There are 2 protein chains.
Amino acid sequence: MELDERKKKILKAVIRNYLETGEPVGSRTISKYTDLNLSSATIRNEMADLEEMGYILQPHTSAGRIPSDQGYRFYVDTMMEEKDREMVELKEMLLERQDKMETLLKQVAKVVAQNTQYAAMISAPSTHRNKVKFIQLSRVNPEQILAVIVVEGNVIKNNIIPVTEEISDETMLKLNILLNTHLNGRSIEEINLGMIAALKAQAGVHGNIVGEVIDAVGDAIKADEDLEIYTSGTNNIFRYPELADNGKASELVGTFEEKQQLGSLIQESLEDEAGTGIQVYIGDEAPIKSMKDCSVVTATYELGEGMKGTIGIVGPKRMDYDKVIGTLRTIQSKLDELYKKD
Amino acid sequence: MELDERKKKILKAVIRNYLETGEPVGSRTISKYTDLNLSSATIRNEMADLEEMGYILQPHTSAGRIPSDQGYRFYVDTMMEEKDREMVELKEMLLERQDKMETLLKQVAKVVAQNTQYAAMISAPSTHRNKVKFIQLSRVNPEQILAVIVVEGNVIKNNIIPVTEEISDETMLKLNILLNTHLNGRSIEEINLGMIAALKAQAGVHGNIVGEVIDAVGDAIKADEDLEIYTSGTNNIFRYPELADNGKASELVGTFEEKQQLGSLIQESLEDEAGTGIQVYIGDEAPIKSMKDCSVVTATYELGEGMKGTIGIVGPKRMDYDKVIGTLRTIQSKLDELYKKD
DNA sequence: TGTTAGCACTCCTGTGAGTTGAGTGCTAAC
DNA sequence: GTTAGCACTCAACTCACAGGAGTGCTAACA
């Protein structure tokens, strides 16, 4: 059977109505609130067809229809009319410049959650294939040396190294030069065991310091990889009865707290980039099973230098996709501006 | 009226029973499950007295009794029998040494949540009245200077300062000496406007760099104050019907996500230290209003050098206080050991 | 005087019947 | 192809009623 123009209109009307009310929608409603000028009986026939084709379904015989996952998918793919969202709070927020990435991200998540009334998450931007940019050893006091490692993307790692023996200024200088000449500009793949051994040999009795520094380098690059994720508005899930029942709510809250679980979502969204960087997962499409009754919309954002992160919104399947996607687009461009201004 | 031995026994029995079942407990139950050998009628008389005195209450006329906040309070203050908790996971966890404070705290929170089946939170230890320990400026590349500030307690703050003019090695050295001689060992109160002005004047054209460094010093000390808090097991609240209903659950989840709100609790628990450092807040006693139907137990822990943090457990009023307090005590001592081993 | 048995009373809880109403599918007429 | 009409379905609500747990009170007992 074919999905002609009229069927599409009806499907759209069903979905729109259901997104608003959350109640199954009947033929009479459609007949009244569309410009099709068709009687409810005709609508009923069409709806029976749509059901057969899998776009909508009936919770029970004598109820109206609700969209199926396939229906939502069709809607998202072909019928959406993105709303342009103006977010006052966001503008204000970005006016007072955030120095700390963490604060910025938390704020963005908060604004998104407040604007959409869904749960929001955001991952810190991560660069891949980091290279060492700069290393600095300094003596804090006779027993402690501070190692600062800066890797590309200005991720900074500090490490305090305890030392037993006295270390002269000269030695410190030597170690600094040694480390910088050999490690700067190197990626983690380039720093191999042979190199490490050679460096340690050159450092002589202070080989252990070199060892610690190299460990810290590894950490600095890795730390960047185990992505930090911030969430906001988790409690918005209680707004939607279909998610708020005990079992589901508990699972979802758990997932949002155990942020690692969200990692797979972030990952997938970063990899599978198609054009605009906005992805919609409906029900089982998301890689997290506790979200099987949810829809998830993710957007990748870029903060320059290939620093990519992901923003995600989790809500019920009857999510206001138009609004959500509009919001995410706005955020994308604001973040872009923000970087350019820097 | 006086609270004689028998009344106490009955009160204890009512509370114990209610903690287990969560159902109002009737006179017959008490008569059967205590060694008092009294008939239900007698128990009823006593229970009427206990109700009049405010220790227990009736949800409705024909129901059993449940403890009032006052009843819980009395129980916690005078009748508890702490259980010694052995936590296998904790031991294992602490065996594999955690290098990162953050990971350690998250793990502790997780273990506590899993062991108690309540929601857990933990604040990072913070030292008060920090002093600057060490400052180091270094040139990452011609346009960027990295400032590293170490304050007491080894809190480290990095700041990248963009510069337009070329800065010579000599100037860098001078700036380093200038900053270190004047700022090291100073607390935030000691660094006043006059001092800042003087430093800027001495730095001449590079006054802006000094300004940025001083801002960073402020941040480093402040960063330590706006406490980091980690949570775990938020979804445990769904185990307890009295907390799981939509409105309450939503509020609680919100509170746990907005970690600042938990700050007041942490603060209070740190200040009001009476001996063991364990505090019990029943209902309204806690400074957070979304927890009015909860009980909160907090414990301060010390990681040496006056680094104090707080662990908290949030659950229903019918919390297994004995177990929770036992657990917290165990954690306290384990963390203590951990520090000593260092 | 303290304890207990007995009894009427309260009130939550569960159940089953009956009603309502929204919505459907089908048929026949337009 | 569209529509009016009608019988049918089924969740949701209401209501009455029974059951049961628990109480308070009274009177009797040790």
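**Close-up views of the A–B model**

**View 1. H7(A) in the lining of the second largest pocket.** H7(A) supplies 7 residues, the largest share of this lining. The model shown here and in every view is predicted. The second largest pocket holds about 850 Å³ of space. Its lining counts 25 residues. Nearest the centre are A:Gln136, A:Leu173, A:Asn176, B:Gln136 and B:Leu173.

**View 2. Both chains contribute to the second largest pocket.** From chain A, strand S4 (132-141) and helix H7 (169-183) each give at least two lining residues. By class, the lining has 12 nonpolar residues, 9 polar and 4 charged.

**View 3. The interface of chain B and chain A.** On the chain B side, 35 residues are in contact with 34 residues of chain A. About 2,700 Å² is buried between the two chains. Carbon and sulfur atoms give 55% of that area. In chain B, the residues that lose the most area to chain A are B:Phe134, B:Phe238 and B:Glu257. Together they account for 19% of what the chain B side buries.

**View 4. Polar links across the interface, and the chain B side.** Between chain B and chain A, 11 residue pairs are in polar contact, both residues at pLDDT 80 or more. The side of chain B that touches chain A draws two or more residues from each of several elements of chain B. The strands are S4, S5 (144-151), S6 (155-162) and S7 (229-232). The helices are H9 (207-225) and H11 (246-257). S4(B) gives the most to this side, with 7 residues. By class, the side has 12 nonpolar, 14 polar and 9 charged residues.

**View 5. A salt bridge between the chains.** A:Glu258 pairs with B:Lys110 in a salt bridge. Their closest N and O atoms lie 3.9 Å apart. Across the interface of chain B and chain A, 2 salt bridges are found.

**View 6. A salt bridge within chain A.** Over all chains, the salt bridges number 36. One joins A:Glu51 to A:Arg65, with the closest N and O atoms 2.8 Å apart. This pair links distant parts of the chain, 14 residues apart. A:Glu51 sits in helix H3 (residues 40-52) of chain A. A:Arg65 lies in the loop between strand S1 (56-57) and strand S2 (66-67) of chain A.

Methods
Residues numbered from 1 in each chain as written. Chains lettered and ligands numbered in written order. Predicted model: local features only at pLDDT ≥ 70, side-chain atom pairs only at ≥ 80, totals over all residues. Heavy atoms only, no water. 1 Å grid on protein atoms, 1.4 Å probe; cavity = no way out; pocket = protein on both sides within 12 Å on 5 of 7 lines; lining within 4 Å. Points joined across faces, edges and corners; volume = space filled by probe spheres on them. Helix = DSSP H or I, 4+ residues; strand = E, 2+ residues; numbered from the N terminus. Nonpolar A, V, L, I, M, F, W, Y, C, P; charged D, E, K, R; others polar. Contact = heavy atoms within 4.5 Å. Buried area = accessible area lost by both parts, 1.4 Å probe. Salt bridge = Lys/Arg side-chain N within 4 Å of Asp/Glu carboxyl O. Polar contact = N/O pair within 3.5 Å; in protein donor to acceptor, adjacent residues only side chain to side chain.
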